Amino acid sequence: VGRRAVLHLLFLAAALSNATACAPPAPPRDLVLVSLDTVRADHLDAYGYARPTAPRLAELARGAWLFRNAYAQDANTGPSHATLFTGLYPPQHGAVDNNVRLPAGPTTLAEVLRTDGWATGAFVSGWPLRAMASALDRGFEVYDDELDDKRRRGPQTTERALAWWRASAPRRRFLFLHLYDAHGPYEPGARLARQFKSERRGPIVERLPSYQRTRYPFGKRRERRGEQEYVDAYDASIRELDERLAELLAEVDLRRAAVVVLADHGESLTERFWKFDHGGQAFEEEIRVPLVLAAPGLGARIVDDIVELVDVLPTLLPLLGVPTPPALQPAGHDLVAVVRRGAARPRHAFSSARALSPRHADRGYRLDRERRIHALRGERLKLIVYPGASEDYQELYDLAEDAGERRPLPAGAHPAEAARLARILQRYAATPALPAERHEPSAEDAANLRALGYLD
Ligand SMILES: [Zn+2]
């Protein structure tokens with residue numbers, strides 16, 4: 001072989017390797033979406049929490065995109081998941097509360113993937129996501145919502161999900177796994193309860209939903225518990241979820257799958273007058289959620305942009321190489337395009353919650369429970385509008401000065417920015433909703449919903 005031919009070969013080899021380096025990586029073959037119900041971001045070690053509540057998630061996050069400012073669009077399970085699956089805000093998709101079924105109309109992520117030929121399976125663990133109450137089974141070939149009682153424990157749900165995962169291997173797979181063990185009443189197993197037990201009990205808790213008082217997770221039965229005992233049980237319950245995540249990821253080939261781990265809402269612990277609950281307040285602890293996105297070729301990154309669960313669907317379809325059908329008009333944004341290519345995304349997040357006066361009794365609000373609390377989290381300021389029984393109230397917080405939302409700013413503070421946020425929030429709240437169909441619970445349903453704090 002002449003010298004010239006060798007040079008030519010070398011040139012070809014270099015061109016080829018260059019082409020390989022520049023070609024976009026093949027889209028992930030499978031999608032795993034894990035929803036950790038009721039897990040607030042700041043109680044995860046991946047988000048800086050001092051206790052090792054979720055070491056497997058932290059390990060996943062080290063090789064993934066971790067969104068530090070991700071927001072749920074509602075503090076309740078049903079509407080939050082409806083947003084996740086439709087890429088629409090609650091006023092747009094119409095499933096604005098638990099037990100309000102997703103109206104016909106919005107196309108779901110599972111429908112798009114199923115039409116594209118994927119195997120689609122959902123395995124859920126909590127009452128509000130039952131197909132009958134949520135209509136979120138749309139597009140899933142398998143939607144397993146057989147709960148033992150009002151919930152299903154993580155090991156049972158995960159075992160069924162894994163059996164489906166293995167059996168569906170010949171096709172591209174979309175697995176949705178919903179785990180509910182961190183939802184109250186917190187009842188971690190004895191091993192983890194011991195591991196997370198603190199020395200001190202903390203002050204006795206007076207005001208919390210009745211469903212949290214049911215059982216004592218460790219030691220002898222006691223009616224009144226200290227704040228720290230509840231926090232310990234909550235943290236131990238998150239670790240239960242992380243063990244399920246570890247079992248699942250042991251069977252997922254991360255070189256060929258996109259994995260998303262998130263929560264539908266957080267949990268108010270000791271911050272407020274009303275403790276150990278969610279759904280009725282729009283403070284950070286109830287709406288700021290973990291969001292971790294791992295996919296081959298994506299690499300590791302910490303993202304500080306304000307993002308929302310409404311962005312998950314429009315991020316996933318392009319990432320998976322699946323075209324967005326014309327009928328699907330997501331309200332959210334493709335976060336890969338936002339982060340990598342600087343595509344525009346508004347620098348705020350919407351959220352909502354149920355208007356329940358007992359949660360705000362210390363503030364003296366009498367709320368109109370037929371309407372919802374709406375919040376807009378801007379870059380520095382956050383506006384919360386409460387539907388009052390006689391007139392609406394609003395609170396403005398400066399998150400840079402008061403991250404714990406303890407001191408609403410006096411009326412007239414930051415007038416221009418406050419007015420801008422109010423205008424955006426008004427447009428949002430005025431979105432004409434699709435006609436929704438309320439699922440009327442049976443007597444048994446009602447008892448179960450009450451036991452989980454969904455009915456008063
Ligand atoms: Zn939930």
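**Exercise 1. Determine what share of the residues of the chain count as buried.**

Solution. Of the chain's 456 residues, 59% count as buried, where buried means under 20% relative accessible area, calculated with a 1.4 Å probe and protein chains only. The model is predicted, so local features need pLDDT of at least 70, side-chain atom pairs count only at pLDDT 80 or more, and totals for chains, interfaces and linings use all residues. Residues are numbered from 1 along each chain as its sequence is written, and side-chain values use heavy atoms, with hydrogens and water left out.

**Exercise 2. State how many helices and strands the chain has.**

Solution. The chain holds 14 helices and 15 strands. These are DSSP runs numbered from the N terminus: helices are H or I with at least four residues, and strands are E with at least two.

**Exercise 3. Identify the protein donors of the zinc ion and locate T77 and H265.**

Solution. Step one: donors are N, O and S atoms within 2.8 Å of the metal (3.2 Å for Na, K and Ca); water is not among the atoms, so sites may look incomplete. Step two: the protein donors are D37 (OD), D37 (OD), T77 (OG1), D264 (OD) and H265 (NE2), at 2.0 to 2.6 Å from the zinc ion. Step three: along the chain, their spacing reads D-x39-T-x186-D-H. Step four: T77 belongs to helix α3 (residues 77–86), while H265 is in the loop between β7 (257–262) and α10 (284–287), so this pair ties together parts 188 residues apart in sequence. Step five: T77 and H265 are both buried.

**Exercise 4. Classify the ring pairs that Y186 forms with Y234 and F276.**

Solution. Step one: rings of Phe, Tyr and Trp (its six-membered ring) pair if their centres lie within 6.5 Å; planes under 30 degrees apart count as stacked, over 60 as edge-to-face and the rest as tilted. By this rule there are 15 aromatic pairs. Step two: the centres of Y186 and Y234 are 5.3 Å apart and their planes stand at 55°, so the pair is tilted. Step three: Y186 lies in the loop between β6 (173–179) and α8 (190–195), and Y234 in helix α9 (residues 227–249), so the pair ties together parts that are 48 residues apart in sequence. Relative accessibility is 1% for Y186, which counts as buried, and 0% for Y234, also counted as buried. Step four: for Y186 and F276 the centres are 6.4 Å apart and the planes at 80°, so this pair is edge-to-face.

Technical notes
Buried means under 20% relative accessible area, exposed over 50%, partly exposed in between (1.4 Å probe, protein chains only).
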